[in-house]
Each structure stands twice: as C-alpha cells, then as structure tokens.
Amino acid sequence: MPNVLCRLPNHVGDCCMTLPALRLLEASGYTPLLTGKRWAEDLMAGMGWRFDPIEGHVTEDLTRIRYLSNHLGPKPLGLLFPNSFSSALLFSIGQIRSAGFPTDGRGFLLNKKVEEPGKMHEVERFFRLAHGAILAWGGKPAWDEVPADLGMKVLARHEAAARNLMSAHNIPERFALLAPIARGLHHGKEKQWKHFNALCAPLRAMGIEPVIFPSPREEDANKAACPDAMILPPTTLGNYAALAKKAQFVIANDSGISHIAAALSVKQITLIGVTDPSRTSPWNKKAAVLGSLEKGWPSVEEVLEKIKSL
C-alpha cells in the first residue's frame, strides 16, 4: 500500500472534518501517515495511523519532513489539507510529491493540483481533495460519496481514563459536557454564546450535571463564562472524546468541541450566531444546530426547549 503523508489542518474542528477523506485514502489502498500540531496525535490516536508532529519551527520541521521522506519509500506522496503556501513549500523542499488545492499562489509547488470544488461543507471539500488526489495518482477511489458519519474511534486507554476521571471527580452518570469558550473572532465578531451559565440550574433540575473540562489556559475564561458548572482540570483531547461518548449530550459553540462530538456521532447541541453552518455545522445526524448566520444567536428558552427534547 503506498504511503501518503497527510498534513493535517491547524484547528481541532478541521482535523475532525478530514476523517472521511483519510478513511477514503485507506479504503482505496493507501496508508495515511499524519503530520501536524502535536495535540492532534492524541485526538487521532484511535484511528491507528502513524503520527509525526511538526512544531512550527522551520528548521526542525524541515528536518522532520526530510527524515520522513527518506523513510517512506521512493517518491513519497503527500496530501495537503491546509490551503497555505507554507505547507506546500515545506513538503516541496522536503521532497514530498504533494497533492492539494492550488490556493494561496502555491500551484507551482504541487506535484498534483486538485481542482477547487467550489463552496461546500468542509467535510465535503476535504473528501473531494482526497478523491481528486487518488484519481491524479492513478488510483480508484473506494467511494464517490461522503460517508454519513465522520467515524472517529477512541482508544481503550482513553475510555479507561474517562472512567477514572468520572470516579476521581465524582461526576454522576447523567452529565452534559458544556464548552462555553470559542477563541478568536469571525469577521470581527465573537464566536461564543453568552448564556451558558443560565443552563446550569435547569440541567440540574433535570438530574443532569453540567460539566466543563476546559482546554489549557482557558480555565479562567470558563469560570467567568459559566461559574455555576462543575469545572474540572484540563485533560487530553483523546480523554475528552471518550468523556463525550459517556455524556448525555454535548453543548458547544461552533468550535472544535462541536466537531469532536460530531466525529463520535453523540447527541449534541451546537450554537451558531456568526459562522456559516453550510460550511462548518457538525457532520452528525444527532446534532441539533440552533441559531443562524442571518438571525444570530438562539435564546436561552430555545436552548432549554431543545435540551428537554433530548
């Protein structure tokens, strides 16, 4: 099976949305080998693919890519999920024959250019990239349509860690994972719903404990946004995914946590106010998406009604 070094995106949600594309590579006779930011290793560990981190330091990253190029067999293949010039340049200098969309003026650095598919959901876009690359390499794609599920798998050690965390912190069997924080701005607007704390008392009245595992460096922001929840120390993304599988449901902004829940096909409520759901809504039949780009954020009452229906 030919090896394909796959440069993952730089954000949690985007990494989750590449899963159908990566699964297509594997089903079509290619072996995905992953490279990207170090946190992605734990998130993707259950899929069983090799992972090599790059750190954002040019010299060290180039040394790592050249090492991989020399150990992937003759004329190694590459697939670039990011749109950036720098990702194509790194693979080109590292002698990885990469396929990608010719974005950011990088077409001359690509060994195989895959035609941009136009506006569509990011899951579909990543899938079209892998599908086009397989055809360009002379292969036959195993599927032509995007799977209905992202298909993330969780390691047994992450499931054990989730059980241990629940025991250590006295988390009851019926709990909801809340993710109030979404960092950064989208077209100058905040990406997070302001009323997570208003959900805590109604959830407890339903016998469901609101629980937050903040990402590192976000503990204070979570305490400010949702002080009445059970706020616990940060854990790894793999452990978080296993906890999401055990939760009654996940409530998140349109953020990485929403896409982790989608990747596991768990019940979730995703809150949208400034982002475009046609591109980034959770790829999950069990997802409820409240709010819209046109009308803005949902009300507390709308969210509570959806919680009751779950």
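Helices, taken as H or I, are DSSP runs of at least four residues, numbered from the N terminus. Helix H6 in this predicted model is one such run, and glutamate 122 is found in it. Glutamate 122 has a relative accessibility of 9%, and because buried means under 20%, this residue counts as buried. Leaving aside residues up to four places away in sequence, glutamate 122 touches Met17, Arg279 and Thr280.

Helix H6 covers residues 122–136 and packs with helix H2, residues 19–27, at an angle of about 25°, their axes being 7 Å apart. Angles under 35 degrees count as roughly parallel, and H2 and H6 are therefore roughly parallel to each other. The crossing of the two helices, H2 and H6, is right-handed. On the H2 side, the contact is made by Pro20, Ala21, Leu24 and Leu25. On the H6 side, Val123, Phe126, Phe127, Ala130, His131 and Ile134 take part. In the contact of H2 with H6, 9 residues are nonpolar and 1 is polar, while none is charged.

Attention now turns to the aromatic rings. With ring centres required to lie within 6.5 Å, the count comes to 4 aromatic pairs. One of the pairs is formed by tyrosine 30 and tryptophan 137, whose rings are 5.5 Å apart centre to centre, with 45° between the planes, a tilted arrangement. Tyrosine 30 lies in the loop between H2 and strand E2 (31–36), and tryptophan 137 lies in the loop between H6 and helix H7 (156–168), so this pair ties together parts that are 107 residues apart in sequence. What of the burial of these two partners? Tyrosine 30 counts as buried at 7% relative accessibility, and tryptophan 137 is buried too, with a relative accessible area of 17%.

Another aromatic pair joins tryptophan 193 and phenylalanine 196. The centres of these two rings are 5.4 Å apart and there is 75° between the planes, which makes the pair edge-to-face. Tryptophan 193 has a relative accessibility of 3% and counts as buried. Phenylalanine 196, for its part, has a relative accessible area of 0% and is likewise buried.

Methods:
Residues numbered from 1 in each chain as written. Predicted model: local features only at pLDDT ≥ 70, side-chain atom pairs only at ≥ 80, totals over all residues. Heavy atoms only, no water. Axes fitted to C-alpha atoms, helices over the stretch in contact; angles between N-to-C directions. Parallel < 35°, antiparallel > 145°, perpendicular 65-115°, else oblique. Left-handed = near helix turned anticlockwise from the far one by under 90°. Contact = heavy atoms within 4.5 Å. Nonpolar A, V, L, I, M, F, W, Y, C, P; charged D, E, K, R; others polar. Phe/Tyr/Trp six-rings, centres within 6.5 Å; stacked < 30°, edge-to-face > 60°. Buried < 20%, exposed > 50% of the residue type's maximum accessible area, 1.4 Å probe, protein only.
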